[in-house]
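Here is my note on the model, as you asked. Please read it with the coordinates open.

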Amino acid sequence: MTNKKGLYLHIPFCVKKCHYCDFLSAPATELERKSYIFALKEEILAYQKHEYCADTIFFGGGTPSILSVEEIKMLIEALYRVFTISKQAEITIECNPETVDKGKLSALRKMGFNRVSFGLQSTLDQELLTLGRVHNYDKFLNAYQIAEEEGFSNINIDLMSAIPGQTMESWEETLRKVLALNPSHISAYSLIIEEGTVFYNKQEELDLPGEETERLMYYKTGELLSKAGYQQYEISNYAKPGKESRHNLKYWSLEEYIGMGLGAFSYLEGARFHNPASMEAYKRDCGCLAKLRQEEEYLAESQQMEEFCFLGLRKRKGIGEKEFSNRFGQEIDTIYGKVIEKFQKMGLLIREDGRIFLSRQGIDVSNQVFAEFLL
């Protein structure tokens, strides 16, 4: 476990809310964005006396690339003033194709961003329309090409399967087109219909692929990506060797991270907490960390064990028996022996070379397995 933190900055703005999106994000005026950026800077500066070190920075959202170059620069400079940032830090920004051009990508590279994550979702314009995306595939291709030209060699592409009207053939077409671009990382998520979204309100009308098709799409993803040299290192994430998202691995390895911005979550010094989800409350308290912390909870050792296991089992290499005993001072079998044995017998967990991880069948029912690691 590293003592270097991950830093997450939440930018809650987008051009237009997508039909599946339940994230804390919405369109905003330039003035609203500016006043938020000043509040976010205030929160960053409030960490000044803590002397934390960080080795990953992640601008997420919403659409962080909707900000102007000056606004992003202001935030990056504040981070470097307050935190000791590792020279080898992974610095990621999420981008939507319609919000970047050559000038912005060039400026991001000069500011030290070395990883871009593009929200593509599908290579088929009809599917993008269904999802309520603002860009088309050509717009994405143009943005991707510029990012490569500007020197970004670590690029993630987000994809979504099991979307309305999607077939096995159209999903394969998306995968093949994306593989032809040879990005270093691919995140492939299955659509989940969340409450409060456009899709939720009209789900009876949606032509969604069946459960069996959805599972076959998942298998096909793994098969095609593996053939193309990608390693699946988490349930929905695939990377070229050495190009895993170091920031996201902190979440799955129960390492510490500081979330800044509206509604952002943190895990720091044994406590979980989050910022207010109300813009008014956030702006009012942005300069005072104690007031910002909502629902602060110090995790008991048993809770840390639970999270270490069910988050760790999301990773394809699962959890290390030695890591567990080093961290908690007791063998994993003392706590979870019966649960592990039960799932081994069912063929859902595999145990080899000092590691415990989900089998292919285990991934299909992963939530059922995770639930039994709750003490």
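The points below go through helices, strands and single residues in turn.

1. **Ground rules.** This is a predicted model, in which local features need pLDDT of at least 70, side-chain atom pairs count only at pLDDT 80 or more, and totals for chains, interfaces and linings use all residues. Residues are numbered from 1 along each chain as its sequence is written, and side-chain values use heavy atoms, with hydrogens and water left out. Helices (H or I, at least four residues) and strands (E, at least two) are DSSP runs, numbered from the N terminus.

2. **Helix H5, length and ends.** H5 covers residues 137-149, which is 13 residues. From first C-alpha to last it reaches 18 Å, close to the 18 Å expected at 1.5 Å a residue. The expected span is 1.5 Å times one less than the number of residues. Asn 136 caps the N-terminal end: one of its side-chain oxygens lies 3.3 Å from the backbone nitrogen of Asp 138. The cut-off for such a polar contact is a pair of N or O atoms within 3.5 Å; within protein, one must be able to donate a hydrogen and the other to accept it, and residues adjacent in sequence count only if both atoms are side-chain atoms. Just after H5, Gly 151 has a positive phi of about 100°.

3. **Helix H5, packing.** Tyr 137, Phe 140, Ala 143, Tyr 144, Ile 146 and Ala 147 are the buried residues of H5. Buried means under 20% relative accessible area, exposed over 50%, partly exposed in between (1.4 Å probe, protein chains only). These buried residues pack against helix H3 (102-111), strand E4 (115-121), helix H4 (125-131), E5 and H6. Contact means heavy atoms within 4.5 Å.

4. **Phe 140.** This residue of H5 counts as buried because its relative accessibility is 0%. Leaving aside neighbours within four places in sequence, Phe 140 touches Pro 97, Phe 118, Leu 120, His 135, Ile 157 and Leu 181. Phe 140 and Asn 96 are 44 residues apart in sequence, yet their C-alpha atoms are 8.0 Å apart in space.

5. **Ser 65.** Look next at the loop between strand E2 (53-61) and helix H2 (69-82), where Ser 65 is found. Ser 65 counts as buried, at 0% relative accessibility. Beyond its neighbours within four places in sequence, Ser 65 is in contact with Ile 93, Glu 94, Cys 95, Asn 96, Thr 99, Val 100 and Lys 104.

6. **Helix H8.** Met 217, Lys 220, Thr 221, Leu 224 and Leu 225 are buried in H8. They cover an arc of only 115° around the axis, so they lie on the same side of H8. The arc is that of the directions from the helix axis to the C-beta atoms. On the other side, Glu 211 and Lys 227 are exposed. The buried residues pack against strand E5 (155-161), helix H6 (168-181), strand E6 (185-190) and strand E8 (237-239). Just after H8, Gly 229 takes a positive phi of about 95°.

7. **The E7-E8 hairpin.** Strand E7 (231-234) and E8 pair in the antiparallel sense over three bridges. Two strands pair if DSSP finds at least two bridges between them. Two residues lie between E7 and E8 in this hairpin. Gln 231 has Ala 239 in E8 as its bridge partner.

8. **The three-stranded sheet.** The order is E13-E15-E14, in an open sheet with antiparallel pairing. Strands E13 (319-320) and E14 (349-352) are the edges, each pairing on one side only. E14 and E15 (355-358) pair over four bridges, and Glu 352 has Arg 355 in E15 as its bridge partner. Helix H14 (332-345) packs on the sheet, touching E13, E14 and E15, and its direction makes about 125° with that of E14. Axes are lines fitted to C-alpha atoms, for helices over the stretch in contact, and angles run from 0 to 180 degrees between N-to-C directions.

9. **Backbone points to check.** Most residues other than glycine have a negative phi. Leu 254 has a positive phi, near 55°. Leu 254 is found in the loop between helix H9 (246-252) and strand E9 (257-260), and counts as buried at 1% relative accessibility. Glu 295, in strand E12 (294-298), has a positive phi of about 45°. Glu 295 is exposed, with a relative accessible area of 67%.
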